[in-house]
Every structure is written in C-alpha cells, then in structure tokens.
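Below is what I looked up, entry by entry.

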Amino acid sequence: MLETPETEVVTDHLDAAALTEVAPWVQNWWYWQTECGVHAPAGRRYLRMLERAETMTVPERMEALRSGIATAWGQLTVTASANGEGRRRYTVRHTDDADASGLEPLATPEDARALATFDAQGRYRPLKSAPSLRRGWTFTEITARRLVGVIGYLYPASIPNWDREQADALDVTHWRPTAERQTGIYGIIEELDATAVEQVAATCCVDEECLKRREWEYDAETPLAVDGGTGAFPCREPCSLVVAAGRKWTTLEREATETYEIELTPAEAAQLSAVIDAVADGTAADIREADVGEGANRYRVRYLREKRFDADDQLQMRPKRGLVRRLVRRFT
Ligand code: SF4
C-alpha cells in the first residue's frame with residue numbers, strides 16, 4: 001500500500017495508472033529522504049522555500065521543477081530544477097546574467113568565497129551584502145549541499161537568519177545594546193545619539209548600499225524613521241562595517257560647528273552640492289569629461305580647485321568669529 005501524509009493518494013494496486021499517479025510522491029519522498037544531503041533544518045526549509053513547498057502540491061512542484069523555479073536572493077537568481085527521477089539541482093547566477101550565455105563556470109564553495117571577496121574593479125568588498133557582486137559567472141546544476149555552501153559564502157548567515165525570521169524567532173540586537181557592549185577603540189560609539197544613528201542607517205543600510213533588510217533600531221523603544229529596505233533576508237544587528245564607520249562619525253561629531261565665510265558664485269555653490277551628491281552616490285566616475293554642464297565633471301572640479309584653493313591646497317574660507325571668541329580661541 002502507498003499512502004501519503006495528506007492521504008491524497010492511497011492505493012494498494014500499483015498498475016501503470018497508479019504508478020503514474022504516485023510517481024511524484026515517491027520521487028519527492030526519495031529525494032528528501034535519501035538524496036538531498038542537507039540535514040540542518042534551516043537549510044532544508046530554505047530548499048523547500050526555493051521550490052514553493054508551502055504553496056504547491058507535490059505533483060505541481062514536480063511539474064514546475066522540470067522547467068525550473070527561480071528565486072531572487074540578494075543579487076542572485078537561484079533556480080531549482082528536477083530531472084525525471086525527482087533529483088534536484090540548483091543553478092545560481094547574478095540576476096543581471098539570468099539569460100546570459102558564455103558565463104564562467106564556477107563549482108565549489110571556495111569559488112563562491114573568491115567571487116564574494118572582490119568587486120568587478122578588483123576592489124575588496126568589506127560588506128558581503130553590498131550590491132557590488134561582479135557578473136559573468138554561473139554555478140550550474142549544483143547539489144543542494146553545495147548550494148547551501150555557496151550561499152553561505154555569498155551572503156553569510158542569510159539562510160539561518162531568514163529561517164529564524166520565518167519562525168518569528170529572529171533575535172534582533174539594536175544599536176544601543178550593540179554600542180554598550182563594544183570595548184576598546186569602539187567603545188566611543190555609545191556617544192552617538194538617535195539622530196546620528198538615524199544618519200548612520202540612512203548612509204549604510206538602505207537598499208542602494210546593502211541588500212539585507214535592517215531590522216535593528218536605535219533601541220527597542222526608539223525606532224528609526226529611515227526605511228529598513230526590501231531585502232529578502234534580514235539584518236539582525238549593526239555589522240562590523242557600520243560599527244567601524246560609527247567610530248569615525250563619533251569622533252567627527254565631537255567637534256562643535258562653526259560658521260565659515262567663503263566666496264563662491266551661485267553656480268559654484270550649487271557645484272559643491274553636485275560634487276557631494278556624485279561622490280556619495282558613486283556616480284562621479286560615470287560623468288564623461290565632455291559633460292562640463294555637470295557640477296561634478298572632472299574639468300569643472302579642477303577649475304574650481306584652481307580658482308578657490310589657496311597655497312596650502314585648501315578651500316579659501318575662514319571661520320566667522322567675533323573678536324572675543326577669536327581671542328578666547330587664541331589664548332586657550
Ligand atoms: S548593519 Fe546595515 S550595512 Fe550592515 S549588514 Fe546590516 S543593514 Fe547592511
């Protein structure tokens with residue numbers, strides 16, 4: 001007799017018609033019991049998510065897997081497929097290469113580690129969840145076990161954190177407790193107030209900079225107004241990059257503001273904003289040298305430097321202080 005847990009198929013006579021009907025169930029059982037090779041519950045739930053096990057019946061899944069079921073994961077497209085025996089294989093590509101040909105074949109988790117380390121310009125990627133994964137490669141029809149290893153290098157801890165979130169058990173550590181437990185040179189980040197942390201999150205944690213979805217706030221009672229992003233997997237605490245950057249901002253925030261006098265034409269004042277925008281958005285290198293209408297155009301910026309810098313290569317400007325303040329500053 002063959003009986004499924006959902007009792008959708010019950011038979012005690014395996015003629016050709018019955019075999020056809022039960023084949024998807026048998027293949028599915030065989031794969032998950034003997035072939036999958038992933039035993040960690042989080043990994044198995046992730047694999048089941050890739051083939052929509054919660055929303056499709058077994059026959060529907062087996063049918064869909066023949067042509068492949070694609071899932072976006074950060075900058076990846078992970079496509080689950082199955083052969084005629086129900087054996088799953090997984091193809092991983094950069095989403096922008098989903099339909100590309102002639103891609104470099106990669107195979108091992110070590111390949112994934114190398115891929116995750118440098119961007120297309122060969123620069124080190126300190127944040128693995130930054131949207132800077134290079135293109136031009138494919139992991140084609142790898143096993144489930146290998147897939148979990150590959151994802152672990154490309155987006156570390158994304159599977160277990162996603163799984164905890166699915167179970168409503170994501171253990172979030174907010175900024176304040178993270179800051180309070182810092183020691184040594186990072187202990188000073190405790191000084192950053194909620195407004196500054198808001199700026200930190202807007203700087204580092206938005207979708208343009210990081211593909212994790214920020215779930216941490218300033219503290220449990222003080223949510224941050226800036227959007228946490230739309231990533232497929234969550235960020236459960238401020239990462240080491242943000243903590244390191246936070247240390248620098250803490251020292252910068254210790255300085256009191258000053259009012260400066262600087263002579264600029266209106267166009268030059270607007271140009272300063274354009275330069276800051278282009279550098280912050282990483283678009284400065286995209287501005288062609290012929291586009292002199294752009295404030296951040298290299299020739300425009302060089303001209304501004306020639307005109308407004310002094311002999312010490314600094315922008316000509318001076319703090320605007322009253323006489324008393326100047327004297328106090330000079331003799332203290
Ligand atoms: S703290 Fe921000 S930048 Fe760091 S991983 Fe989390 S969301 Fe990304």
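This is a predicted model: local features need pLDDT of at least 70, side-chain atom pairs count only at pLDDT 80 or more; totals for chains, interfaces and linings use all residues.

How many helices and strands does the protein chain have? I counted twelve helices and eleven strands, where helices (H or I, at least four residues) and strands (E, at least two) are DSSP runs numbered from the N terminus. Residues are numbered from 1 along each chain as its sequence is written.

**Entry: overall form**

I looked up the radius of gyration of the protein chain and got 28 Å, well over the 20 Å that the globule rule gives for 332 residues, so the chain is more spread out than a compact globule. The radius is taken over C-alpha atoms, and the rule is 2.2 Å times the number of residues to the power 0.38. Along the principal axes, the C-alpha atoms of the protein chain fill a box of roughly 100 × 50 × 30 Å.

Next I checked burial. Of the 332 residues, 25% count as buried; that takes 20 or more other C-beta atoms within 10 Å of the residue's own, while 12 or fewer make it exposed and anything in between partly exposed, with C-beta atoms placed from the backbone. I also looked at contacts, meaning pairs whose C-beta atoms, placed from the backbone, lie within 7 Å. Among those between residues at least 6 apart in sequence, 57% join residues at least 24 apart.

**Entry: the ligand shell**

Which residues surround the ligand? I found Leu127, Ser129, Cys204, Cys205, Cys210, Lys212, Arg214, Cys235, Pro238, Cys239, Leu241 and Val242, a residue being near if its C-beta atom, placed from the backbone, lies within 6 Å. By class, the shell has nine nonpolar, one polar and two charged residues. Here Ala, Val, Leu, Ile, Met, Phe, Trp, Tyr, Cys and Pro count as nonpolar, Asp, Glu, Lys and Arg as charged, and the others, Gly among them, as polar.

**Entry: α2 against α6**

I took helix α2 (residues 41-50) and helix α6 (residues 158-166), which pack at about 80 degrees with their axes 9 Å apart. That makes α2 roughly perpendicular to α6, a label for 65 to 115 degrees; under 35 is roughly parallel, over 145 roughly antiparallel, and the rest oblique. The axes are lines fitted to C-alpha atoms over the stretch in contact, and angles run from 0 to 180 degrees between N-to-C directions. From α2 the contact uses Ala42, Gly43, Arg45 and Tyr46, and from α6 Ile159, Pro160, Trp162 and Asp163. I sorted these residues into five nonpolar, one polar and two charged.

**Entry: two positive phi values**

Arg52, in the loop between α2 and α3 (58-67), has phi near 55 degrees, positive although the residue is not glycine. With 15 C-beta neighbours inside 10 Å, Arg52 is partly exposed. Asp313 sits in the loop between α11 (298-308) and β11, and is exposed because 7 other C-beta atoms lie within 10 Å.

**Entry: Lys320**

Is Lys320 buried or exposed? I get exposed, with 11 C-beta neighbours inside 10 Å. Lys320 lies in the loop between β11 (317-319) and α12 (323-330). Setting aside neighbours within four places in sequence, Lys320 contacts Thr259, Tyr260 and Glu261. Glu258 is 62 residues from Lys320 in sequence but 7.5 Å away in space, C-alpha to C-alpha.

Conventions:
Two residues are in contact if their C-beta atoms, placed from the backbone, lie within 7 Å.
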